[in-house]
Amino acid sequence: MKNKILAVILLVTMGVAKVPLEDRVAATLKAADLRDAPVALSLRETVSQMAFAAALGGLRSLVASITYLRAYVAFEDRDWGRVDSLMTLTTRMQPREAMYWDEAAWHMAYNAATSTQQREDLRAAIRNKDFRDYVLRGLKIVQEGLVYNPNNPKLLVREAEIYRDRLKDPRPAAEAFLLAAKSGAKPFYERMGAYELVKLGEPPDLQQAYEILKRHYDKGFRYPSVLRDLDILERKLNIPAAQRVGQPLPPSPQPRRK
C-alpha cells in the first residue's frame, strides 16, 4: 500500500514538473512556425463528429483533403454557398497552407461573382449587389489567410488582383503587388505595382513608378506596357528630353469598311 501511494505521488510530481517544460517547447515551436494552429471548437458545429475527432487526432491534413475535394464537386455544380462552406472548413483544418486560402478567395471573388453576373433571372441591382458581396467575401478570405501566412507572395498577389480587377482600387492593389515582389514573388509583379501607381497620378506615386519602370527598362525589360507608362511618367515628371526613353503606343488600326 505504501509503495502504491509513493508511486502515485511520484507520477503527480512528474506531471506537475513537466508542464513548464511542455509550455516552453510549445512556445518555441509556435515561434518557429512549426506548430499548427489549434482546432477551433466552433468547427464542431460544422463538421461531422467523425471528421472533428479525426482533426483532433492529428488527421487534419486528411480531413482538409476530403473537404477540398467536396468543394470542387460543389464548384462544378455552381453551388457557391456550399463551396464557401467547404473551403472555409478546408482552410480551418490547414490554415498555414496558402494554396487553400488562395483557391477559396478565387472561387468567391471570380467564379461566384462572375456566375451571379450571368444570371438573367435576377434584376440588375441584385446582380450587382451579389457580385460585390462575392468579391468582398473573396477579399476577406485572402486577408484572413495572410494573418496565418504573413507576407505570403501568392496571397499578396491574389489580394492585389482582387483590388485591381474586381474593385478597381489602384492604391491597395499597388501596395499588395509591391509587397508581394519584396516577399519573393517574380519581378513581374513589381511592374504590376508600378502600373497601378501610374493610375493614382500623385507626384510621389508617379516618381516611385518611374524609378521602378526605369530600373526594369535598364535591365532589358522593354515591353510595350513599360515604354507606354514611361512615356506618360516622363512627360508628367518633366524628365529632360535627352533622358527620355518612353514611347507612346502606336494607334490601333482602323477597321476596314466593306
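Tutor: Helix H3 (residues 60-76) and helix H4 (residues 80-93) pack at an angle of about 165°, and their axes are 8 Å apart. This is a predicted model, in which local features need pLDDT of at least 70 and side-chain atom pairs count only at pLDDT 80 or more, while totals for chains, interfaces and linings use all residues. Residues are numbered from 1 along each chain as its sequence is written, and side-chain values use heavy atoms, leaving out hydrogens and water.

Student: What makes H3 roughly antiparallel to H4?

Tutor: Angles over 145 degrees count as roughly antiparallel, and the pair packs at about 165°, so H3 is roughly antiparallel to H4. The crossing of H3 past H4 is left-handed, meaning that the near helix is turned anticlockwise from the far one by less than a right angle.

Student: Which residues of H3 and H4 meet?

Tutor: Contact means heavy atoms within 4.5 Å. On the H3 side the residues include Val 63, Ala 64, Tyr 68 and Phe 75, and on the H4 side they include Trp 80, Val 83, Leu 86 and Met 93. By class, this contact has twelve nonpolar, two polar and four charged residues.

Student: Why is Arg 164 called partly exposed?

Tutor: Buried means under 20% relative accessible area, exposed over 50%, and partly exposed in between (1.4 Å probe, protein chains only). Arg 164 has 22%, so it is partly exposed. This residue lies in helix H7 and touches Ala 173, Phe 177, Met 192, Glu 196 and Lys 199, not counting residues up to four places away in sequence.

Student: Met 192 and Glu 196 sit in helix H9; what covers the buried residues of H9?

Tutor: The cover includes helix H7 (153-166), helix H8 (170-182), helix H10 (203-218) and helix H11 (224-236). Met 192 and Glu 196 are among the buried residues of H9 (188-200).

Student: What makes a set of residues a nonpolar core?

Tutor: Its members are buried Ala, Val, Leu, Ile, Met, Phe, Trp, Tyr and Cys residues joined through side-chain atoms within 4.5 Å. The largest such core has 30 residues, and Val 83, Met 108, Ile 141, Val 142, Leu 155 and Ile 162 touch the most other members. Its largest share, nine residues, comes from H5.

Student: Which other core lies apart from that one?

Tutor: One of 22 residues, among them Ala 174, Phe 177, Met 192 and Tyr 210. Phe 177 and Met 192 are also among the residues that Arg 164 touches.

Methods. Axes are lines fitted to C-alpha atoms, for helices over the stretch in contact, and angles run from 0 to 180 degrees between N-to-C directions. Helices (H or I, at least four residues) and strands (E, at least two) are DSSP runs, numbered from the N terminus. Angles under 35 degrees count as roughly parallel, over 145 as roughly antiparallel, 65 to 115 as roughly perpendicular and the rest as oblique. Ala, Val, Leu, Ile, Met, Phe, Trp, Tyr, Cys and Pro count as nonpolar, Asp, Glu, Lys and Arg as charged, and the others, Gly among them, as polar.
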